[in-house]
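Welcome! Take a moment to look over the sequence and the 3D view, and then let us walk through some of the details together.

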Amino acid sequence: MLREITLGQYYPVDSVIHRLDPRTKLFGTLVFIVSLFISNNIWGYVLATIVLAVVIKLTNVPFSFMVRGLKAIVFLLLISVSFNLFLTSGEVLVKFWIFKITKEGIRTAGFMAVRLIYLVLGSTIMTLTTTPNELTDGLEKSMGFLNKVGVPVHEISMMMSIALRFIPILVEETDKIMKAQMARGADFESGNLIQKAKAMVPLLVPLFISAFRRATDLAMAMEARCYRGGSGRTKMKPLHYASRDRIGYVLQIGYLAGMFGLRFL
């Protein structure tokens, strides 16, 4: 399960999406997320599906690798679908004991499942095609106007970038700890859900210790290199928009306008 988490990983391959400016990809991810909450009918999700499929094809990232991250949200997906399926009022189709399935519940549960899956895929595309350094620079540039009101944009961008970079590192560390404890007789597979959760408790202490140790090492390395925040810092690779980025912005705005149009059909 831990190996299936793809959020925060970068997949090094040459593609149109990889070559886009990180600001373009951040804006596109935001537009896609907003569009999922705008859509309230099947046609909106059809358009989102087509756009998502085209973008996945353009990334040159294997689809099987990209959907691996969905396995980590299966439990959350089941809970969300179940609550919407059984607790939504409306025209009753099936009723058994204290549970009832309504026409509106099926519709809401289906939209919720698709929305959650697409949110994960959309966010995964951004992290798979953007390095942590590019993501930091893109966030800092995109939110640069907040510096005028005293918001530490560079520090916030740096923290978000480090957090994303630490996801695969902590996943790998957890996997190593689990294998070490399994070699000593620990059992993480058998039993019901509660027993499996209790079996994971012994992982927390060594995992927290490892995380704090890595954070301390990172802080010392940054201090040793005289890191003093974003004030006056220059970039080794300054961000510049290309023609493909302008085309990307036009397509993204057109997609968002299309979603607004389909909402009111």
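Let us begin with a pair of charged side chains: glutamate 172 and lysine 176 form a salt bridge, and their closest N and O atoms are 3.8 Å apart. Please keep in mind that this is a predicted model. Both partners belong to helix α8 (residues 153-183), and because they are 4 residues apart there, about one helical turn separates them. Glutamate 172 has a relative accessibility of 37%, so it counts as partly exposed. Lysine 176, at 48%, is likewise partly exposed.

Glutamate 173 counts as buried because its relative accessibility is 16%, below the 20% cut-off. Arginine 214, at 33%, counts as partly exposed.

Another salt bridge links aspartate 175 to lysine 179, with the closest N and O atoms 3.4 Å apart. These two are also 4 residues apart in helix α8, so about one helical turn lies between them. Is aspartate 175 buried or exposed? With a relative accessible area of 12%, aspartate 175 is buried. Lysine 179, in turn, is exposed, at 52%. Over the whole structure, a search finds 5 salt bridges, including those in this table:

| Glutamate 172 | Lysine 176 | 3.8 Å |

Now for the chain as a whole. The protein chain has 10 helices and 2 strands. Read from the N terminus, its elements run α-α-α-α-α-β-β-α-α-α-α-α. The C-alpha trace spans about 65 × 55 × 40 Å along its principal axes. Of the 265 residues in the chain, 33% are buried.

How do the two strands run? Strand β1 (residues 92-96) and strand β2 (residues 99-102) are antiparallel and are joined by 4 bridges. Within this pairing, valine 94 of the structure stands opposite isoleucine 101 in β2. The hairpin has 2 residues between its strands, and tryptophan 97 takes a positive phi near 55 degrees there.

Next, have a look at the surface. Which residues form a nonpolar patch there? They are Val16, Ile42, Trp43, Val46, Ile50, Val54 and Leu58, and together they have about 630 Å² of accessible area. Helix α3 (residues 42-59) gives the most to this patch, contributing 6 residues. Valine 54 lies in this helix, and its relative accessibility of 44% means that it counts as partly exposed.

Finally, let us turn to the aromatic rings. How many aromatic pairs does a search of the whole structure find? The search finds 7 of them. Ring pairs also link Phe27, Tyr241 and Tyr249 into a cluster.

Note on methods. Residues numbered from 1 in each chain as written. Predicted model: local features only at pLDDT ≥ 70, side-chain atom pairs only at ≥ 80, totals over all residues. Heavy atoms only, no water. Patch = residues over 30% accessible without salt bridge, like charges linked within 9 Å, V, L, I, M, F, W, Y side chains within 5 Å. Areas by Shrake-Rupley, 256 points an atom, 1.4 Å probe, with all protein chains shown as cover. Salt bridge = Lys/Arg side-chain N within 4 Å of Asp/Glu carboxyl O. Buried < 20%, exposed > 50% of the residue type's maximum accessible area, 1.4 Å probe, protein only. Phe/Tyr/Trp six-rings, centres within 6.5 Å; stacked < 30°, edge-to-face > 60°. Pairing = 2+ DSSP bridges.
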